[in-house]
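Please keep the sequence and the model in view while going through them.

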Amino acid sequence: MDFEYLKQKRILLVDDEQDLLEMVISILKEDRFQNIKTAKCVKDALIIAEDFRPELGILDVMLPDGNGFSLMEQLKSKSDYPILFLTARGEDEDKFKGFGLGADDYIVKPFLPKELIYRITAILRRSYKDENPLVKLQNSEIDFDRAEVVKNGEYIALTAKEYDLLSVLYRNAGRIVTIDALCEAAWGENPFGYENSLMAHIRRIREKIEANPSQPVSLITVKGLGYKLIVEGK
Amino acid sequence: MKSMPKLIRRFIGILMLSSILIIILNFVVLAIIASNQAPNGSPWITATEAAESLQKCNNTYVFNNEMNTKLNKQNVWAIFIDNSTHQVVWHTDNLPDSIPTKYSISDIASLTRGYIDGYPTFTGESESGIMVLGYPKDSYWKHMWPSWDYQVIAHLPQTVLAILACNVTLIFFIYMIANAKLLKSVNPIANGIQNLSTERPVYIKEKGVLSELATSINRTSDILQTQSRQLQKRETARANWIAGVSHDIRTPLSMIMGYAGQLENDSHLTYEERKKATVILKQSEKMRNLINDLNLASKLEYNMQPVNIKKENAVAIVRQVVVDFINTDIDSKYPIEWTTDENLSSCIINVDRDLLKRAVYNLIQNCINHNKSGCAIYVCVRVENEKCVICVEDNGVGASDAQIQKLNNTPHYMVCDGNTTEQMHGLGLLIVKQIVASHHGETVIEHSSYDGFSVKIILPM
C-alpha cells in the first residue's frame, strides 16, 4: 500500500535530551520521514510550532520548563493534530486513562525503533486517512471516503456496521483483530452475544470484497480468535 | 461485642445458682439444729414418762428414783392431780409454795396451754390423774395459741416457693443495678480491645471505674498506629526507590535499543556485525522487561498498585493477549493454539483488566523464555465449578517434579525474609501470583498434558 504521502507529514519532536532527539530523528529518517523539527523545552516548542505548523507532535512528558500535558493543550489550542507521548514513566499509562487528556497514543521508554514507526504510522493513517481514499485488496478496492467497495468496476455500498468493521480491520491491516474488539467497534462497549451477528456481517463483507467469498483471501478467519485484513502492498 | 451478653448471662447464672445453694444450705443447717434439739427431749415426753413412773401402792404414791433424780437435776417440780378430786395427791419435794394444791377444770386447760405462776408447765396422763411438770421460769417459751388457718397450711409449699422467687428476683435486680455501671464501663473497653486487632485507630473515653484500662488501650492503639505508619512509610520508600531507579534507566536504555535496532537492519554492516546488534537489542529488551516487572512486583507487594476491579469478559481479555503475541511473533517459532471451547464466548469475572492481561502475558512470555528452540503454546479459558480457569500450557522442556514443587511453595527472593543465596525463579511468575492473589484467586503450576509446563489461574466468578 502506498503510504508515501504520510512520510511528508510535518513532525514536531520535543524532548530535553539531545541524544534521544538525535536517535529518534535517525530512526524517523531511516523510515523516510522528511519534515522533522525538534525543540528542547515548552517555550521553544511553542515558537517552532507557530511557523512549522506540525501535523504530528511527539512529546516527552517531563520537560525542563513544564510538562508535556500542558504543552499538548497549548499546541492543540492553536491547531488540532495528533499527539504521541514518549514517557519514561510506566505509571503514566494510568494518567492517560484517568484524565483522558486527549493524547492519541503513548509509548513508554525504552522502545524498539519498529515499535515507534508502527505507532507513528498508525496515528498518521488514522488521522489523515481521507487523503488516501482507496485501499487496495487482492480482488477489490475499498473507498472509505464514500463507504464503497469497487470490485470489477462495480460500486457496492457498505452499510454502517460493515464500514465500522472494515475501518478497524484496515487500521490493523495484516494483524489479527479479536472478535471482541470487532464487536466493540460495531456494537459499543461490553458487547456480549454478538458473535453470530458478527459472523453474518463478515460473510456479507466477504461477498462484497472477495472474488470467492467461501475461499477468502483478503479477510481471513483466525479460528477462535478473530479476523485479519490483508491489504496489498503491506 | 458479642461476648458481653454471654459474660452477663454467665454472671447471673452463677448468682442464681449460688442463691439457691445458700437457701438449701440454710434449710439443712436448720434441720440439723432442730434434730439436735430432739434428744434434749421435749418436756411433753418427759411429763408422760414421769406420769408412768408414778405408781400407786396401797394408797401411797411411789415415784421412780431415776426420774426423780432427772427432774431434780433440771430443777423441775412435779405434781399429780387426781382425776376425781382435782386435788394434788402427790408432788415432788421441791414444789414452790406459790403453786396451788387444788385445780378446777379450767385451771387444768389453762396450765396445759400455758403456765402456772410463770412456770412453764407440761402434762402427762395416767389412768387416775394427770402429771404436771413445772420447769424453771424462763426455761421454755410456750406457744399459747397453737392453731393456724387451714388454708395457710394447705398452701404452704406454694407460699414458700413464691417467697423464694420474690427473693431471687430481688437479688437479681439488686445485682443488675449494682453492676450496670461496671458493665457500662466494661463495654467500650471490650470493644476497644476488639478493634485493636483490626488495626483501626482506637480511642476510648478515659473516665469511669476502668479509666486506667482505657488509657493503656489508647496508648496501645497509638503505638500500633505509629508502627504501621512507619512500616508503610518504609515500604513506600522502597517501592518509590525501585520506581525511581527504573525511571532513570529508561532513557539511556531507549538509546541503546534505538541504535541497536537500527544497526540490526543496517545493510552497510556485515552479517556478523548485525548479529551482534541483535544480541544487544535482545538483552536490552530483557532489561526493559526486568525493569517493568521489578516496578510492578514491588508495587503489588507493597499494595501501591491501584487495582481497578470491574466486571470484564475473561475470554476477551485472554484472547486479546494471545492475538497481541501472534501479531508480533514474526517467525512463528512459538505458535499459539487457542483451545477455548467455541461455545464459551464470555466468562464474566470481577477483575482489573490490565493486571489480568499482564498475568496472561507473563505466562505466555514464560513459555517463550524457557524454550529457546521454540514450542507450541496452548491457551484456554474454561468454567469449572463456578470458577474461571485460565490455562497456559506448552509442549516444551517442562520442569521436574522438584522444580514444580519449589515454584508452587517457595517464596520469591523479593518477598522472602530468609537468605537469598539460592537462585530462585524470575519475577514473571511472582507477578502472576501477586495479581491472582489480589483477585482472591489461585495459581496452580503443574505438568502439562502436552508434555511441557502448565500454569492455571483460577479466579472466582
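Predicted model: local features only at pLDDT ≥ 70, side-chain atom pairs only at ≥ 80, totals over all residues.

1. Two strands are said to pair if DSSP finds at least two bridges between them. Four strands of chain A form an open sheet in the order 8-9-10-11, and the pairing is antiparallel. Strand 8 (134–136) and strand 11 (154–157) of chain A are the edge strands, each pairing on one side only. On average, and with direction ignored, neighbouring strands of this sheet are turned by 25 degrees against each other.

2. The pairing within the sheet of chain A may be followed residue by residue. Strand 8 of chain A runs antiparallel to strand 9 (residues 141–143) of chain A, and three bridges join them.

3. Two loops of chain A deserve a look at the backbone. In the loop between strand 9 and strand 10 of chain A lies A:Ala147. Phi of A:Ala147 is near 55 degrees, a positive value in a residue other than glycine. The loop between strand 7 (105–108) and helix 6 (113–127) of chain A contains A:Pro110. The peptide bond leading from A:Lys109 to A:Pro110 is cis, and its omega is near -5 degrees.

4. Chain B also has a sheet to examine. It is an open sheet of five strands in the order 4-3-7-6-5, with antiparallel pairing. Why is one side of strand 4 (88–91) and of strand 5 (115–116) of chain B left without a neighbour in the sheet? Both stand at the edges and each has a single partner strand, so one side of each has no neighbour there.

5. Further inside the description of that sheet, strand 6 (residues 119–125) and strand 7 (residues 129–134) of chain B pair in the antiparallel sense over five bridges. B:Gly124 has B:Met131, in strand 7 of chain B, as its bridge partner. Helix 2 (residues 43–53) of chain B packs on the sheet and touches strand 6 and strand 7 of chain B. Its direction makes about 50 degrees with that of strand 6 of chain B.

6. Over all chains, a search of the whole structure finds 14 aromatic pairs. In the pair of B:Tyr61 and B:Phe80, the ring centres are 5.8 Å apart and the planes stand at 45 degrees, so the pair is tilted. B:Tyr61 belongs to strand 2 (residues 60–63) of chain B and B:Phe80 to strand 3 (residues 77–82) of chain B, so the pair ties together parts that are 19 residues apart in sequence.

7. Helix packing comes next. Two packed helices are described by the angle between their axes and the distance between the axes. Helix 7 (residues 211–264) and helix 8 (residues 271–301) of chain B have axes that come within 9 Å and cross at roughly 160 degrees. These two helices of chain B are therefore roughly antiparallel to each other, since angles over 145 degrees count as such. Their crossing is left-handed. The residues of this contact divide into 15 nonpolar, seven polar and five charged.

8. Helix 6 (residues 156–196) of chain B packs against helix 7 of chain B at an angle of about 15 degrees, with the axes 10 Å apart. That angle makes helix 6 of chain B roughly parallel to helix 7 of chain B. The crossing of these two helices is left-handed. Among the residues making the contact are B:Ile189 and B:Leu196 of helix 6 of chain B and B:Leu213 and B:Leu224 of helix 7 of chain B. The contact residues divide into seven nonpolar, three polar and no charged.

9. The last point concerns both chains. Helix 2 (residues 18–30) of chain A packs with helix 7 of chain B at about 25 degrees, their axes 10 Å apart. Helix 2 of chain A is thus roughly parallel to helix 7 of chain B, and the crossing is left-handed. The contact includes A:Leu20 and A:Ile27 of helix 2 of chain A, and B:Met255 and B:Tyr259 of helix 7 of chain B. Its residues divide into five nonpolar, five polar and three charged.

Methods: Residues numbered from 1 in each chain as written. Chains lettered and ligands numbered in written order. Heavy atoms only, no water. Contact = heavy atoms within 4.5 Å. Axes fitted to C-alpha atoms, helices over the stretch in contact; angles between N-to-C directions. Parallel < 35°, antiparallel > 145°, perpendicular 65-115°, else oblique. Left-handed = near helix turned anticlockwise from the far one by under 90°. Nonpolar A, V, L, I, M, F, W, Y, C, P; charged D, E, K, R; others polar. Phe/Tyr/Trp six-rings, centres within 6.5 Å; stacked < 30°, edge-to-face > 60°.
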